[in-house]
Amino acid sequence: MSEKLTFPAPAAAALECHLPRPDTQTSNRPFVTLTFATSLDSSLSLAPGVRTHLSGPGSKAMTHYLRSRHAAILVGVSTVLADNPRLSCRIEGSASQPRPIIIDPHMRWTPRSSDQVFQICRSGAGLAPFILTGLLEAQIPRESVELLQQHGGKYIRIAPATSSKDRVRFEWNDVFQTLLSEGLTSVMVEGGGQIINSLLSPTNHNLIDSVIVTIAPTWLGKGGVVVSPDRVCDAEGTPQAAARLSNVSWHPFGEDVVLCGTLAPQ
């Protein structure tokens, strides 16, 4: 089992205003934190499907601390296929584990008992995932359903907002309402690129409570998976900023810098 991580109390205190507080959770949707690590050229990875390490030890510990403060971790299926992630919290003294949530509308991922997320679950150091799909129950392979159920996970169908032969899309409000109905009152969205860019669209800003970005002192170069939401224009067709943060604070962690803020109204 991987070694436990520690996160200094003063650093945790500095992030407190950007994190959910379970004792005051009264919203009709989960508290949502959008968080990711990026290079200086706004890339998440060197290329699609290529696992790329950006966070140093300090910001990595911060990520696990953030996981300890949320009820769920949400990633897209591309992240699962590329990284085979554990999706667990390794912070020292954490009293609970976040629930992994995997967005997989087309069932691209075939779960296997050897996947790290299930190994961690069997060791008692994590939870099995909930997989959000657009497929009907009869379309999901029985062996996949049984594997999830054996570990305490499950498939959850969400009715697609748009659907074609090649693409199913969910409304983010439907996703978060579904998670709230499962008792998950806070969600940490970690990626990948399509999910991050989608949530940075102005139509979804009202669903995001906090943004926490780790910036690594490196350029990955052209061809990477880039955080860059779709272009936004005003009524006359003039380009406008797609998103901007307010209430900003900066925190150094080793060689990395962590940017915290909230999405400003457009």
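1. Let me start with the aromatic pairs: a search of the whole structure finds four of them. Rings of Phe, Tyr and Trp (its six-membered ring) pair if their centres lie within 6.5 Å; planes under 30 degrees apart count as stacked, over 60 as edge-to-face and the rest as tilted. Phe 7 and Tyr 65 make a stacked pair, 5.1 Å centre to centre with 25° between the planes. Phe 7 lies in the segment before α1 (9-15) and Tyr 65 in helix α2 (residues 57-68), so this pair ties together parts that are 58 residues apart in sequence. Helices (H or I, at least four residues) and strands (E, at least two) are DSSP runs, numbered from the N terminus.

2. A word on where this comes from: the model is predicted, local features need pLDDT of at least 70, side-chain atom pairs count only at pLDDT 80 or more, and totals for chains, interfaces and linings use all residues. Residues are numbered from 1 along each chain as its sequence is written, and side-chain values use heavy atoms, with hydrogens and water left out.

3. Buried means under 20% relative accessible area, exposed over 50%, partly exposed in between (1.4 Å probe, protein chains only). Phe 7, Tyr 65 and Phe 253 form one aromatic cluster.

4. Phe 118 is buried, with a relative accessible area of 0%, and Trp 109 is buried at 6%.

5. Next, strand β5 (residues 130-133). Side chains in a regular strand alternate between the two faces of the sheet. Both faces of β5 are covered, with Phe 130 and Leu 132 buried on one side and Ile 131 and Thr 133 buried on the other. The charged end of Lys 154 sits over the ring of Phe 130, 5.1 Å from its centre (NZ of Lys or CZ of Arg must be within 6 Å of the ring centre and within 35 degrees of the ring normal). Strand β4 (residues 99-103) pairs with β5 in the parallel sense over three bridges, and Ile 103 stands opposite Leu 132. Strands pair if DSSP finds at least two bridges between them.

6. Which strand is largely enclosed by the rest of the structure? That is β9 (residues 186-191), because five of its six residues are buried. Strand β1 (residues 31-38) pairs with β9 in the parallel sense over four bridges, and strand β3 (residues 72-76) also pairs with β9 in the parallel sense over four bridges. Val 187 in β9 is the bridge partner of Val 32 and of Ala 72.

7. Most residues other than glycine have a negative phi, and most peptide bonds are trans. The peptide bond from Gly 191 to Gly 192 is cis, with omega near 5°, and Gly 192 is in the loop between β9 and α7 (193-199). Ser 42 has a positive phi near 65°; this residue lies in the loop between β1 and β2 (43-45) and is partly exposed at 25% relative accessibility. Leu 87 has a positive phi of about 55°, lies in the loop between α3 (77-83) and β4, and is buried at 4%.
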